[in-house]
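Subject: Structure handover

Hello,

Here is the structure we talked about. Please open it alongside this note. My findings follow below.

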Amino acid sequence: MVVQGEADTRTALAALTLRARLAPTGAPAQQQPQQQQQQQATAAGMKADATSKAAKKADGAGESAKKPKAAAPAAPAAPAVSPEEAERRFQLLRSVGEECVTEEDLRNLVSKKPSFRLYDGFEPSGRMHIAQGIFKALNVNKCTSAGGRFVFWVADWFALMNDKMGGDLDKIKVVGQYFIEVWKGAGMDLDNVEFRWASDDIIDNAGPYWDQMLDITKRFTIARIKKCCQIMGRLENKLTAAQVLYPIMQCTDIFFLRADICQLGVDQRKVNMLAREYCDFIGRKLKPVILSHHMLYGLAEGQAKMSKSNPDSAIFMEDPVSEVERKLDIAYCPREAKAKSADDPESLSLVEDDLKNPCLDYVQHIVMTQPNAVFAAGGREYPDFESARAAFLSGELAEQDLKRGLAACVNTLMQPVRDHFASDPHAKRVLELVREYKREEAKPPTRLKRMGKLGAAGSLVVVMAPCPASPRWSLSEVLSTKAALKRAREEAAAGGGELVLYLPDLNAIALNCFG
């Protein structure tokens with residue numbers, strides 16, 4: 001009979017032996033870090049196995065000598081978080097989301113886990129508007145005040161798949177730095193925030209990341225994945241192959257980053273729900289909580305959210321005072337709801353709002369969510385959003401007074417960001433580069449941009465082995481691979497290159513071979 005520790009040890013030793021056989025001759029004596037970790041894990045397994053056997057032997061000897069005394073009953077474990085603190089955390093987090101899936105899961109999380117992880121991802125795709133700047137900084141500070149650690153996934157590879165910044169990864173990374181500088185100026189609590197770059201993390205952790213992604217791909221149909229592509233603002237019939245991968249990778253990110261809470265906008269709801277569905281497939285009980293924040297309306301009529309392609313539809317974080325005043329002065333600001341039509345865009349709001357007034361939306365979600373906020377307009381002060389809205393709808397507060405008061409509040413909130421970009425040399429240079437990029441006409445990449453290089457001194461001669469789709473290879477597959485290796489060896493020797501036999505194991509995983 002083989003115990004679990006012995007089986008693990010034998011498996012690890014077999015893996016190391018196989019690597020030694022496949023290792024190229026002339027390799028340096030110094031081991032790679034991954035090999036060292038595997039050997040250390042093997043040694044630890046052998047040691048644990050020996051310790052376990054010794055402990056069993058000692059226990060047996062002890063029982064023959066005398067019976068051990070009964071252990072005293074363990075004291076009940078104290079709750080990780082007091083009920084009062086758990087309720088405070090729940091209410092603070094719940095105020096961030098227009099929707100929470102589910103409130104029961106959120107209560108359970110904040111009452112049992114003193115420290116939890118929240119995640120949001122962003123594409124570095126150009127200038128940052130006020131919803132990403134002021135509104136996001138406010139929500140993050142609420143989340144960290146509730147005991148969370150906020151993880152930002154700087155989705156540079158995702159921006160590349162979406163062809164942002166002309167498909168230039170170097171420019172995309174600069175824009176990512178610009179986003180971080182905006183949040184510094186906006187007062188985000190960066191002590192409890194970490195920024196993770198997708199391109200770096202995925203390369204450094206390729207094994208677990210792609211294994212997770214491939215497992216997700218096996219659980220869903222193409223039709224189900226296409227329903228999530230709204231997250232990119234793309235129509236289903238105009239998707240590239242890379243854009244179909246986008247929601248699959250975004251779902252993978254949630255598990256890769258060990259997120260307890262997905263704190264993204266309502267427009268990302270479908271892919272977050274995909275992650276919860278995946279948990280049902282694999283039998284995972286602790287699902288990520290979805291805390292979806294409100295999507296601010298665009299300033300033009302009929303815009304469900306702000307658009308970077310229309311500069312007048314949004315206030316951008318480096319806009320000067322006069323530009324903020326101009327944009328709000330021409331903003332759509334109705335007192336009565338328009339009749340619905342078939343041409344109306346799909347709503348991204350989970351709360352019924354027939355009026356869809358972007359100026360009132362700014363008052364509610366930008367101004368009145370600030371600590372101890374009071375909205376001053378038309379010579380009066382309004383202590384809450386409801387009173388300001390009622391005054392405007394009744395005609396007591398004039399449209400121009402509403403807009404002037406709103407512009408004053410917005411400019412006050414944005415001034416620290418302007419000051420940061422004016423006084424910090426690094427932030428100033430980053431902003432100059434972003435403005436330069438936006439002035440350039442977007443062009444498709446003219447050359448292949450590689451994320452990394454193989455560490456070969458000369459050229460590579462690669463032979464592709466058949467996909468390991470079954471335990472047995474046919475004789476023709478063996479002979480053809482052998483012939484290809486012979487030709488490749490001669491070619492590599494003649495050109496001073498390196499011979500590589502590529503084993504497509506991930507292909508077999510994607511094809512669900514061997515379960």
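At the start of helix 14, a side-chain oxygen of N357 comes to within 2.9 Å of the backbone nitrogen of C359. Bear in mind that this is a predicted model.

Helix 14 spans residues 358–367 and is mostly covered, with 9 of its 10 residues buried. Those buried residues are P358, C359, L360, D361, Y362, V363, H365, I366 and V367. They pack against helix 5 (130–145), strand 7 (375–377), helix 15 (385–394) and helix 16 (399–423).

Next, the nonpolar cores. The largest has 80 residues. Which of them touch the most other members? They are L93, I130, Y178, Y362 and F375. Leaving aside residues up to four places away in sequence, I130 touches F135, L296, M306, I315, M317, Y362, I366, V410 and M414. A second, separate core holds 36 residues, including I216, M249, F255 and C262.

Now the charges. The count of salt bridges comes to 29.

- R219 and D215: the closest N and O atoms are 3.1 Å apart. D215 is buried, because its relative accessible area is 18%, under the 20% cut-off. R219 counts as partly exposed at 32%.
- D401 and R404: the closest N and O atoms are 3.2 Å apart. Both residues lie in helix 16, 3 residues apart, about one turn of the helix. R404 is exposed, with a relative accessible area of 53%, whereas D401 is partly exposed at 28%.
- R429 and E432: their side chains meet at 3.5 Å, N to O. Both lie in helix 17 (residues 425–439), again 3 residues apart, about one turn of the helix. R429 counts as partly exposed at 44% relative accessibility, and E432 counts as partly exposed at 39%.

Salt bridges that share partners also join R117, R149, E194, R196 and D201 into one network.

Last, the surface. L460, V462, M464 and Y502 make a nonpolar patch of about 370 Å². Where does its largest share come from? Strand 9 (residues 460–464) supplies 3 residues. V462 is placed in strand 9. At 45% relative accessibility, V462 counts as partly exposed.

Best wishes

Note on methods
Residues numbered from 1 in each chain as written. Predicted model: local features only at pLDDT ≥ 70, side-chain atom pairs only at ≥ 80, totals over all residues. Heavy atoms only, no water. Patch = residues over 30% accessible without salt bridge, like charges linked within 9 Å, V, L, I, M, F, W, Y side chains within 5 Å. Areas by Shrake-Rupley, 256 points an atom, 1.4 Å probe, with all protein chains shown as cover. Salt bridge = Lys/Arg side-chain N within 4 Å of Asp/Glu carboxyl O. Helix = DSSP H or I, 4+ residues; strand = E, 2+ residues; numbered from the N terminus. Buried < 20%, exposed > 50% of the residue type's maximum accessible area, 1.4 Å probe, protein only. Contact = heavy atoms within 4.5 Å. Polar contact = N/O pair within 3.5 Å; in protein donor to acceptor, adjacent residues only side chain to side chain. Core = buried A, V, L, I, M, F, W, Y, C linked by side-chain atoms within 4.5 Å.
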